[in-house]
Amino acid sequence: MHIDLVTIVVDDYDTAITFFVDALGFDLVEDSPSLTNDGRPKRWVVVRPPGGRTGILLARADGDRQRAVVGGQAAGRVGFFLRVDDFAGAYRRMAAAGVEFVTVPRTEPYGRVAVFLDVAGNRWDLLG
């Protein structure tokens, strides 16, 4: 058993794809036309870290309720965790790609960590 997908609600598919693929280095696994439950067009967009099993469904906000959670899915807490083998290299590459880090790297008992924001404004830990 494993978690296959988690959802991040975003404002725009293409902006989110660019962030996750170009800035974070994820793979674009799927980008297919789809329909909402009431028949309106949408896209099924999945990104995944290279070699990872769990993907992220990038879901464009549909309606006021969903737009209200963009960037706040974890109520301002770190809600997502990206573990990398080469922390220093990943930090440099991501910072150079324009990823906004809201803390400087620090060492904790569980390893190196720095908090960054995704394209929607959600907080992530970069862990190494």
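Residues are classed by relative accessible area: buried means under 20%, exposed means over 50%, and partly exposed lies in between (1.4 Å probe, protein chains only). By this scale arginine 60, with a relative accessible area of 36%, is partly exposed. The structure is a predicted model, in which local features need pLDDT of at least 70, side-chain atom pairs count only at pLDDT 80 or more, and totals for chains, interfaces and linings use all residues. Residues are numbered from 1 along each chain as its sequence is written, and side-chain values use heavy atoms, with hydrogens and water left out.

The protein contains 3 helices and 9 strands. Both kinds of element are DSSP runs numbered from the N terminus, with helices (H or I) of at least four residues and strands (E) of at least two. Their order from the N terminus is β-α-β-β-β-α-β-α-β-β-β-β. The radius of gyration is 15 Å, close to the 14 Å that the globule rule gives for 128 residues, so the protein is as compact as a globular protein of that length. This radius is taken over C-alpha atoms, and the rule is 2.2 Å times the number of residues to the power 0.38. The C-alpha trace spans about 50 × 30 × 30 Å along its principal axes.

Of the 128 residues, 34% count as buried. Contact means heavy atoms within 4.5 Å. Among contacts with a separation of 6 or more, 54% join residues 24 or more positions apart. The accessible surface comes to about 7500 Å², and carbon and sulfur atoms contribute 52% of it. Areas come from the Shrake-Rupley method with a 1.4 Å probe; for residues, only the protein chains shown count as cover. There are 15 positive and 17 negative side chains, and the centres of the two sets lie 5 Å apart. Lys and Arg count as positive and Asp and Glu as negative, while His and the chain ends are not counted. Each charge is placed at NZ of Lys, CZ of Arg, CG of Asp or CD of Glu.

Helix 1 covers residues 13-23. Its buried residues are Tyr13, Ala16, Ile17, Phe19, Phe20 and Ala23. An α-helix has 3.6 residues a turn, so residues three or four places apart point the same way. Aspartate 12 caps the N-terminal end of helix 1, with a side-chain oxygen 3.2 Å from the backbone nitrogen of aspartate 14. After helix 1 comes glycine 25, with a positive phi near 85°.

Strand 4 (residues 55-60) holds isoleucine 56. At 6% relative accessibility, isoleucine 56 is buried. Leaving out residues up to four places away in sequence, isoleucine 56 touches Leu5, Val6, Ile8, Phe20, Phe26, Val45, Val46, Val47 and Trp124. Isoleucine 56 and alanine 97 are 41 residues apart in sequence, and their C-alpha atoms are 20 Å apart. Arginine 60 is also found in strand 4. Beyond four places in sequence, arginine 60 touches Val10, Asp11, Tyr13, Pro41 and Gln66. Arginine 60 and aspartate 11 are separated by 49 residues in sequence but by 5.5 Å in space, C-alpha to C-alpha.

Tryptophan 44 sits in strand 3 (residues 41-48). Its relative accessibility is 31%, so tryptophan 44 counts as partly exposed. Neighbours within four places aside, tryptophan 44 is in contact with Leu5, Glu30, Asp31, Ser32, Ser34 and Leu57. From tryptophan 44 to alanine 88 the C-alpha distance is 33 Å, at 44 residues apart in sequence.

Two loop residues were also examined. Alanine 75 lies between helix 2 (64-69) and strand 5 (78-83). Its phi is near 55°, a positive value in a residue other than glycine. Most residues other than glycine have a negative phi. Alanine 75 is exposed, with a relative accessible area of 71%. Glycine 121 belongs to the loop between strand 8 (111-117) and strand 9 (123-127). At 28% relative accessibility, glycine 121 is partly exposed. Glycine 121 and tyrosine 13 are 108 residues apart in sequence and 15 Å apart in space, C-alpha to C-alpha.

Terms used: A polar contact is a pair of N or O atoms within 3.5 Å; within protein, one must be able to donate a hydrogen and the other to accept it, and residues adjacent in sequence count only if both atoms are side-chain atoms.
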